[in-house]
Amino acid sequence: MEKQEIRTFGRRHGKKLSARQLRLIDTVLPAISPKNIKNAGNLILEIGFGAGEHLRDLAIRNPGKIIIGAEPFMNGVASLLSAITDDSDGILPEYAGIRVWADDVRIFLRETDLQFDEIWVLHPDPWPKAKHEKRRLLTGEFLSQLGERLTESGQIIIGTDHHEYFDWICEQVKKTTLSRQNTGINMIETRYQHKNMAGTDAPKYLVLGK
Ligand SMILES: C[S@@+](CC[C@H](N)C(=O)[O-])C[C@H]1O[C@@H](n2cnc3c(N)ncnc32)[C@H](O)[C@@H]1O
């Protein structure tokens, strides 16, 4: 029997979606499903894309690549769909490479054997209370699973402004065969980071390779 996984995310639904957003979820979301993608290289995955600012930036910086975003929070998915479509609900050309999995990324990874050049996780939920720590996504076990889905020179890029979670992730990395690489990354500010700027530290980044 399959092990029951701990839920790593909070709400799936927030404030009421607009009529346009509901329509985009009905029509555009199924059309950009990542289900039938083949392992033909040039794939990037972003886990927990929130409202999708960084996912869109990835698409613009990587024309010709397929950018898969996984996010179970439907208001975030709806924000992304609004931003990548025009008034006639057509996908804007610069976002043609975007595919969306509107659910837990672990289900997606179980259902495919795709390998990625880059796997991004920006501001994963830190679950700071001790009783919630078990909900943290980036355990050694999960990081090892991500490592198996990297291409030979592929990288996992993690960023968080929660320094205690950052240190915890670094400890988790020691349980894996992944190696730490130089960061040197040029980052845009995501919505989560912007909202939290006043009360938090500067984000720290971790880049991992095979
Ligand atoms: C704190 S938010 C950060 C969002 C975005 N990366 C940003 O920086 O604005 C963390 C996001 O990770 C998502 N998340 C948590 N667990 C996930 C999982 N198992 N699969 C996919 N997304 C997940 C949550 O729904 C949430 O939107």
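This is a predicted model: local features need pLDDT of at least 70, side-chain atom pairs count only at pLDDT 80 or more; totals for chains, interfaces and linings use all residues.
**Entry 1**

I began with the order of the strands. The model has an open sheet of 7 strands, arranged as E3-E2-E1-E4-E5-E7-E6, and the pairing is mixed. I then asked which strands stand at the edges. They are strand E3 (98-101) and strand E6 (179-181); each has a single partner strand, so one side of each is left without a neighbour in the sheet. I also noted the twist, which averages 25° from one strand to the next.

**Entry 2: strand E1**

I next looked up whether strand E1 is enclosed. In strand E1 (residues 43-47), 5 of the 5 residues are buried, so the strand is largely enclosed by the rest of the structure. I recalled a rule for reading such a strand: in a regular strand the side chains alternate between the two faces of the sheet.

I then followed the partners of E1. Strand E2 (residues 66-70) runs parallel to E1 and is joined to it by 5 bridges. Within this pairing, Leu-45 stands opposite Ile-68. To pass from E1 to E2, the chain goes through helix H2 (residues 53-61), and this β-α-β crossover is right-handed. E1 also runs parallel to E4, with 4 bridges between them. There, Val-121 in E4 is the bridge partner of Ile-47.

**Entry 3: strand E2**

Is E2 mostly covered or left open? I found it mostly covered, with 5 of its 5 residues buried. Ile-66, Ile-68 and Ala-70 point one way from the strand, while Ile-67 and Gly-69 point the other way. I then turned to E3, which runs parallel to E2 and is joined to it by 4 bridges. In that pair, Gly-69 stands opposite Val-100. The chain reaches E3 from E2 by way of helix H3 (residues 74-84), in a right-handed β-α-β crossover.

**Entry 4: strands E4 and E5**

I looked up how E4 and E5 pair. Strand E4 (residues 116-122) and strand E5 (residues 150-160) are paired in the parallel sense over 6 bridges. Phe-116 has Leu-150 in E5 as its bridge partner.

**Entry 5: helix H5**

For helix H5 (residues 140-148), I listed the buried residues Phe-142, Leu-143 and Leu-146. Viewed down the axis of H5, the buried residues fall within an arc of 100°, so they line one face of the helix. The face turned away from that buried side carries Glu-141 and Glu-148, which are exposed.

**Entry 6: the shell around the ligand**

Lastly, I asked which residues come nearest to the ligand. Of the 23 residues around the ligand, these are Phe-9, Gly-48, Gly-50, Thr-190 and Tyr-192. Helix H4 (105-111) and helix H7 (191-196) are the elements that give two or more residues to the shell. H7 supplies the largest share, 3 residues. By type, the shell divides into 11 nonpolar, 7 polar and 5 charged residues.

Note on methods: Residues are numbered from 1 along each chain as its sequence is written. Two strands pair if DSSP finds at least two bridges between them. Axes are lines fitted to C-alpha atoms, for helices over the stretch in contact, and angles run from 0 to 180 degrees between N-to-C directions. A residue is near a molecule or strand if its C-beta atom, placed from the backbone, lies within 6 Å of it. Ala, Val, Leu, Ile, Met, Phe, Trp, Tyr, Cys and Pro count as nonpolar, Asp, Glu, Lys and Arg as charged, and the others, Gly among them, as polar. A residue is buried if 20 or more other C-beta atoms lie within 10 Å of its own, exposed if 12 or fewer, and partly exposed in between; C-beta atoms are placed from the backbone. A crossover is right-handed if, with the strands pointing away from the viewer, the path from the first strand over the helix to the second runs clockwise. The arc is that of the directions from the helix axis to the C-beta atoms.
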